[in-house]
Amino acid sequence: FGITYQVSDDFTVGFGTHNIEYNSGDDQESTGISASYTMGSLTIAGAFNNVDNIANTATDDREAYEVGLTFAF
């Protein structure tokens, strides 16, 4: 599931999660949060994502950060 909330005309936040169930072993679990702020033609956005037990492997966990800057002309 995922949810996004527009706090104001300029600011938005979001959260999402996803689980994959396997027949044996640990389930793969993914979560992520994001936010963006718009000022005129400039948007600054960021996100953090975390995945645990990738492909049913208990020791395979990853995290990622993303920051973006967009100009619209």
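The protein has a radius of gyration of 16 Å, whereas a compact globule of 73 residues would have one near 11 Å. The radius is taken over C-alpha atoms, and the globule rule is 2.2 Å times the number of residues to the power 0.38. Along the principal axes, the C-alpha atoms fill a box of roughly 50 × 20 × 15 Å.

This is a predicted model, in which local features need pLDDT of at least 70 and side-chain atom pairs count only at pLDDT 80 or more, while totals for chains, interfaces and linings use all residues. Residues are numbered from 1 along each chain as its sequence is written, and side-chain values use heavy atoms, with hydrogens and water left out.

**Overall architecture**

The secondary structure comes to 0 helices and 5 strands, and the elements run β-β-β-β-β from the N terminus on. Helices (H or I, at least four residues) and strands (E, at least two) are DSSP runs, numbered from the N terminus. Of the 73 residues, 10% count as buried; here buried means under 20% relative accessible area, exposed over 50%, and partly exposed in between, with a 1.4 Å probe and protein chains only. Among contacts with a separation of 6 or more, 26% come from residues 24 or more positions apart, contact meaning heavy atoms within 4.5 Å.

The strands form an open sheet of 5 strands in the order 1-2-3-4-5, with antiparallel pairing. Strand 1 (2-6) and strand 5 (62-71) are the edge strands, each pairing on one side only. On average, neighbouring strands of this sheet are turned by 10 degrees against each other, direction ignored. For such angles, axes are lines fitted to C-alpha atoms, for helices over the stretch in contact, and the angles run from 0 to 180 degrees between N-to-C directions. Two strands pair if DSSP finds at least two bridges between them. In general, strands of a sheet pair through backbone hydrogen bonds, either parallel or antiparallel.

| Strands | Bridges | Facing residues |
|---|---|---|
| Strand 1 and strand 2 | 5 bridges | Tyr 5 and Val 13 |
| Strand 3 and strand 4 | 11 bridges | Tyr 37 and Ile 44 |
| Strand 4 and strand 5 | 10 bridges | Leu 42 and Phe 71 |

The hairpin of strand 3 and strand 4 has 2 residues between the strands, and Gly 40 in this hairpin takes a positive phi near 60 degrees.

**Aromatic pairs**

The structure holds 3 aromatic pairs. Rings of Phe, Tyr and Trp (its six-membered ring) pair if their centres lie within 6.5 Å; planes under 30 degrees apart count as stacked, over 60 as edge-to-face and the rest as tilted. The rings of Phe 48 and Tyr 65 have centres 4.9 Å apart and planes at 45 degrees, so this pair is tilted. The pair links distant parts of the chain, with Phe 48 in strand 4 (residues 42-52) and Tyr 65 in strand 5, 17 residues apart. Phe 48 is partly exposed, with a relative accessible area of 24%, whereas Tyr 65 counts as exposed at 66%. Phe 71 and Phe 73 form a stacked pair, 6.4 Å centre to centre with 15 degrees between the planes, and both residues are exposed.

**Gln 28 and its surroundings**

Gln 28 is found in strand 3 (residues 28-39). Because its relative accessible area is 15%, Gln 28 is buried. Leaving out residues up to four places away in sequence, Gln 28 touches residues including His 18, Ile 20, Tyr 22, Asn 53 and Ala 55. The side chain of Gln 28 reaches the backbone nitrogen of Ala 55 at 2.9 Å. A polar contact is a pair of N or O atoms within 3.5 Å; within protein, one must be able to donate a hydrogen and the other to accept it, and residues adjacent in sequence count only if both atoms are side-chain atoms.

Ala 55 has its place in the loop between strand 4 and strand 5, and at 49% relative accessibility it counts as partly exposed. Its phi is near 55 degrees, a positive value in a residue other than glycine. Asn 53 lies in the loop between strand 4 and strand 5 and has a positive phi near 60 degrees. With a relative accessible area of 12%, Asn 53 is buried.

Asn 50 lies in strand 4 and counts as buried at 16% relative accessibility. Beyond residues up to four places away in sequence, Asn 50 touches Glu 29, Ser 30, Thr 31, Arg 62 and Glu 63.
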